[in-house]
Number of protein chains: 2
Amino acid sequence: MSKGDATRQAVIDQAVEIAGRLGVAGLTIGTLASATEMSKSGLYAHFRSKEALQLAVLASAREHFVDQVIRPALSAPRGEQRVRVLFERWLTTSSSGAAGCLFVSAATEFDDQPGAVRDQLVRDHWDLAESLAQVYRSGAKDGAFRDDLAPEQFAHDLHGLMLAHFHAYRLLRDPAAETRTRYAFERLMQSLLTTA
Amino acid sequence: MSKGDATRQAVIDQAVEIAGRLGVAGLTIGTLASATEMSKSGLYAHFRSKEALQLAVLASAREHFVDQVIRPALSAPRGEQRVRVLFERWLTTSSSGAAGCLFVSAATEFDDQPGAVRDQLVRDHWDLAESLAQVYRSGAKDGAFRDDLAPEQFAHDLHGLMLAHFHAYRLLRDPAAETRTRYAFERLMQSLLTTA
DNA sequence: GCGTCCGGAGCACGATCGTGCTATTCATGT
DNA sequence: ACATGAATAGCACGATCGTGCTCCGGACGC
C-alpha cells in the first residue's frame with residue numbers, strides 16, 4: 001500500500017466518524033479537510049466527486065458492519081444462538097461506534113433523493129434483509145423456528161427493533177433504551193421459537 | 001387574520017411540504033423563497049432566524065399529526081379499538097403526506113446536533129410516547145390488555161413498527177411494506193390482548 | 001543517485017448559504 | 001381619503017459549498 005492509499009484510508013476513517021455524527025449528507029469537503037488537516041483540493045483529489053466520497057464512506061461502513069455483526073453471527077451455531085449473536089453484536093456495535101447508525105441516518109436522508117448514493121443504500125438494505133432472512137431460514141429448517149412465518153417478516157421485525165433502539169438511544173438519550181430493546185427482542189424470540 | 005398571518009401560514013404549509021421531501025435540515029431559505037415565489041428577505045422577515053422557521057415547521061406538523069391521528073384515536077372506544085384507530089390513522093397519514101415522516105427524518109438529522117430544534121423534537125417524542133402509553137393504560141385498566149406489560153414498552157414497540165414501515169416505504173419503496181407492517185401490528189395486538 | 005511521477009497545496013471560480021439594512025409598496029383604521 | 005404602520009423587495013455581506021486548474025516537493029523505480 002503506497003502513501004496515497006494510506007492517507008486515503010485515513011481520510012475515509014475520519015469521514016466515517018464525521019458522517020456518524022453529522023450524517024452522510026452533513027459530511028462536507030471543508031469539514032473533512034480541516035479534520036484531516038489537509039487542503040480541500042488535496043483531499044478532493046482522492047475522490048473525484050462528493051458522491052464518490054459518500055459511496056466510499058458507505059462502503060467502509062458496510063465492510064465494518066459485516067465484519068463486526070454479520071460474520072460473527074454466521075460463525076455461531078444456527079438457530080437461536082445465531083440470532084442472539086447477531087442481535088447482540090448489532091446492538092453493541094452501533095451503540096459504541098458509527099457503523100450501524102450511519103446507515104439508519106443515511107437512509108432517511110436519501111430516501112427521497114435519487115442518485116447513486118440512494119441506489120447503493122437500497123442495495124445494502126436488501127442485502128441486509130436477505131442476510132437476516134437467511135439466518136431465520138437456516139434456523140427454521142432445523143426446526144428451531146416456526147415455519148409458518150415468512151423469513152422476510154422476521155427481517156422486517158428485527159430491523160424495526162433496531163430502528164426503535166437508535167431513536168431512543170441517540171435522540172432521546174433514553175437510558176432505558178437498551179432495556180426496552182432487549183425486552184422487545186426477547187418477546188420476538190419467544191414468538192418465533194418452536195420450543196415455547 | 002391579516003395579510004401577514006395569511007402568507008405566513010401559506011409559507012409554513014409550503015415549508016412543511018418541502019421538509020417532508022428534503023428533510024428539515026434540507027429545507028433552505030433559498031429554495032423555500034423560490035417555491036413560494038417570494039424574495040428571500042421578504043420571506044425571512046416572518047421568521048427572524050432559520051431555527052425559528054424550523055420550529056414553526058415542526059409546530060405545524062405536530063398540530064397536523066395530533067388532528068389526524070391522536071384526536072381521532074382518543075374519540076374511539078378505549079382498548080383495542082382505540083389502538084387500532086391510532087395505528088390505522090398513523091399509517092395512512094404518513095403514507096399520504098408529510099406529517100409523520102417529517103418527525104422521523106428530523107429525529108435522525110438532529111439527534112447529534114444540540115439546539116432548540118433538537119430539544120423540541122425530544123419534547124415532542126416524549127409527548128407522543130406518553131400519549132401512546134396512556135392509550136395502553138386506559139385499555140389495561142378496563143382489562144382489555146395485559147397488565148404485566150409496561151405501557152412505555154408498548155409505546156416503544158409501536159413506534160418501532162412505524163419506523164420500520166417508513167424505512168421500507170420511503171427508502172425501499174417496498175410494495176409489501178404496508179402488508180408487513182400490518183402483520184407485525186396484528187402480532188403485537190395478539191400478544192397484548194387478554195382475550196387471546 | 002537520479003529522473004519520473006504521483007500526492008498534495010495554493011489559489012480561484014461561481015453558486016448558494018443565512019442574515020442584515022434600507023427602501024418601497026400595500027393594506028388598514030379612522 | 002389619507003396617514004400610518006405592516007409587509008415585502010432590492011441589494012449586499014461574509015462564509016462555505018463543490019469543483020477545477022496549476023505547480024511543487026518528496027517518494028519510489030531503475
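This is a predicted model: local features need pLDDT of at least 70, side-chain atom pairs count only at pLDDT 80 or more; totals for chains, interfaces and linings use all residues.
Helices are DSSP runs of H or I with at least four residues, numbered from the N terminus.

Residues are in contact if their C-beta atoms, placed from the backbone, lie within 7 Å. The two sets that meet are tabulated below.

| Helix | Residues in the contact |
|---|---|
| α4(B) | B:E51, B:Q54, B:L55, B:L58, B:R62, B:I70, B:A73 |
| α7(B) | B:A116, B:V117, B:Q120, B:D124, B:S131, B:V135 |

By class, this contact has seven nonpolar, three polar and three charged residues. Ala, Val, Leu, Ile, Met, Phe, Trp, Tyr, Cys and Pro count as nonpolar, Asp, Glu, Lys and Arg as charged, and the others, Gly among them, as polar.

Between the chains, 31 residues of chain A are in contact with 31 residues of chain B. On the side of chain A that touches chain B, α8(A) gives the largest share, twelve residues. That side has 13 nonpolar, ten polar and eight charged residues.

Residues are numbered from 1 along each chain as its sequence is written, and chains are lettered from A and ligands numbered from 1 in the order in which they are written. Local features need pLDDT of at least 70, side-chain atom pairs count only at pLDDT 80 or more, and totals for chains, interfaces and linings use all residues.

Conventions:
Two residues are in contact if their C-beta atoms, placed from the backbone, lie within 7 Å. Helices (H or I, at least four residues) and strands (E, at least two) are DSSP runs, numbered from the N terminus.
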